[in-house]
Amino acid sequence: MISFSVALILLIAGYIIYGALAARIFGEDPSRPTPVQTMADGVDYVRLKPWRIFLIQFLNIAGLGPIFGAIMGIMFGPAAFLWIVIGTIFGGAVHDYISGMLSVREKGASLPEIVGNELGTTVKNVMRLFSLLLLILVGAVFVYNPADLLAMLTPNALDRIFWVIVIFGYFIAATLLPIDKIIGKIYPVFGFVLLFMAAGIMVVLFMNAGDIPEVWHEMYNHKADPEATPIFPMMFISIACGAISGFHATQSPMMARCLPNEKYGRPIFYGAMVAEGMVALIWAAAAVTYCHGYDGLQQAMGSGSPAVLVNDLSRDWLGAVGGILAILGVIAAPITTGDTALRSARLILADVTGIEQRSLSKRLLVSLPIFAICFTVMLVPYDVLWRYFAWSNQVLSVFTLWTITVWLARHRKAYLISLIPALFMTMVTVTYILYAPEGLTALAKAATGRPIPYWAALSGAALVTASFLLLFGRMLKSSGNQPVLE
């Protein structure tokens, strides 16, 4: 219980101290006009109250990620607690805050446009394609779970296919309608529900204080096959939304277009990530406590999905109210992630094509290919979609962190705040791509009959990371006026 309490305090202190440092380094300017003050269009650029923006941003970036990811990630042992705290304060919150504020400064520009400004046209075009595919993948991934649960809770006539169609229809509406019509109204409600549920779980945790494992106990990998799933890099991919996630940077431009003043940037962008870290920490501790240790959690996960554990835990600890909240969370959270993913895809494609988005017909024109591709991707098995979403999500974080680092360096600001997490996440992501079963090791095994050895994956990742650092160093020696890769 000591380490859990200290971790919560550190997250709050991180927001107050390190968040203030990040804001000072970036240079928040309350007197500077924000995009909604100069470009209001009643569709995407709509002035919203700061508390609404915070809850929308929190739900956008969270969904079920900090719950499911934390439950699966805690099987790596107490190292998961350390990663949630350190990753959130020094990685994820910095990533989310500065990428969000860069969008504010660039008139609400989407992530690929921001990346391209700093890393070059070639990278911009790659990021446009990569981001669009990732967002469409997210939209497809987060249809299945809520559809399955709704099918279980409703008459047989309302089967999985029926609910997939209903949810996808909602995705279309949320993508096309002005942001204050659906997202601005229902997101704050579900964001509050997610926070309320976590707060209730935390209260019960303190009542069962003696059962929460300390970080200095059993400090080893508790996975069934630790050699096949080493903590580095697997844990850092499993716990993404509770520490650092590239997907967040695709969501921030939506709120950057609604922000009434730059002074709200830290509580909204940095603060929402810290809140997500706290949710992840609570659910990681709750899962291992509820199952009476790592062995019990391993057994529970072997006989069901994280959704089953979330439902059982919520009902047992919070009663009937907890059961309702769990169902709302498991249904609403992925839906509210999928719809904003497709909306972000529309904004990116609109930026690429230059098609204005005031009229519904123009929004529909941009969105039709997105809907068509998403519906096609949904035909791919769910487990395959999820595996590729996991690593592509962190690839995006790598490019975002390097973009932030280059921007800070060009503006003669303290770029170490993002350079260190950029180097670390580059090492993590490349190691994973080389070593994970769904990565390049599958190709190596097919060609030679042998997977890529762990040491070789680490060596390859170190080489790529060093190359990125050398490119950055070359930029520092030059005038810094040109994109890094042009």
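1. A residue counts as exposed when its relative accessible area is over 50%, and as buried when that area is under 20%. By that rule His 292 is exposed, because its relative accessible area is 71%. The model is predicted. His 292 sits in the loop between helix H12 (265–290) and helix H13 (294–302). Its phi is positive, about 60 degrees, although His 292 is not a glycine.

2. Arg 412 is another residue to check for backbone geometry. Phi of Arg 412 is near 55 degrees, a positive value in a residue other than glycine. The residue lies in the loop between helix H16 (382–410) and helix H17 (416–435). Arg 412 is exposed, with a relative accessible area of 79%.

3. Now the overall fold. The chain has 19 helices and zero strands. Its C-alpha trace spans about 55 × 50 × 50 Å along the principal axes. The radius of gyration is 21 Å; a compact globule of 486 residues would have a value near 23 Å, so the two agree. Of the 486 residues, 57% count as buried.

4. Take the contacts in the chain with a separation of 6 or more: residues 24 or more positions apart account for 83% of them.

5. Next, surface and charge. The accessible surface of the chain comes to about 19100 Å². Carbon and sulfur atoms hold 68% of that surface. There are 30 positive and 27 negative side chains. The centres of these two sets lie 11 Å apart.

6. Which residues does Phe 171 touch, leaving out those up to four places away in sequence? They are Gly 139, Phe 142, Val 143, Ile 335, Gly 338, Asp 339 and Leu 342. Phe 171 is in helix H8 (residues 160–176). It is buried, because its relative accessible area is 0%, and the cut-off is under 20%. Thr 336 is 165 residues away from Phe 171 along the chain, yet their C-alpha atoms are separated by 8.7 Å.

7. Helix H10 (231–238) deserves a look. Six of the eight residues of H10 are buried, so this helix is largely enclosed by the rest of the structure. The buried residues are Phe 232, Pro 233, Met 234, Met 235, Phe 236 and Ile 237.

8. Is His 222 buried or exposed? His 222 is buried, because its relative accessible area is 10%. The residue sits in the loop between helix H9 (183–207) and helix H10 (231–238). Neighbours within four places in sequence aside, His 222 is in contact with Met 75, Phe 76, Gly 77, Pro 78, Tyr 294 and Gln 298.

9. Last, the cysteines. The disulfide count is zero. The cut-off for a disulfide is within 2.5 Å. Cys 374 is buried, with a relative accessible area of 0%. Cys 258 is buried, with a relative accessible area of 0%.

Note on methods: Residues are numbered from 1 along each chain as its sequence is written. This is a predicted model: local features need pLDDT of at least 70, side-chain atom pairs count only at pLDDT 80 or more; totals for chains, interfaces and linings use all residues. Side-chain values use heavy atoms; hydrogens and water are left out. Helices (H or I, at least four residues) and strands (E, at least two) are DSSP runs, numbered from the N terminus. The radius of gyration is taken over C-alpha atoms; the globule rule is 2.2 Å times the number of residues to the power 0.38. Buried means under 20% relative accessible area, exposed over 50%, partly exposed in between (1.4 Å probe, protein chains only). Contact means heavy atoms within 4.5 Å. Accessible areas come from the Shrake-Rupley method with a 1.4 Å probe; for residues, only the protein chains shown count as cover. Lys and Arg count as positive and Asp and Glu as negative; His and the chain ends are not counted. The place of a charge is taken as NZ of Lys, CZ of Arg, CG of Asp or CD of Glu.
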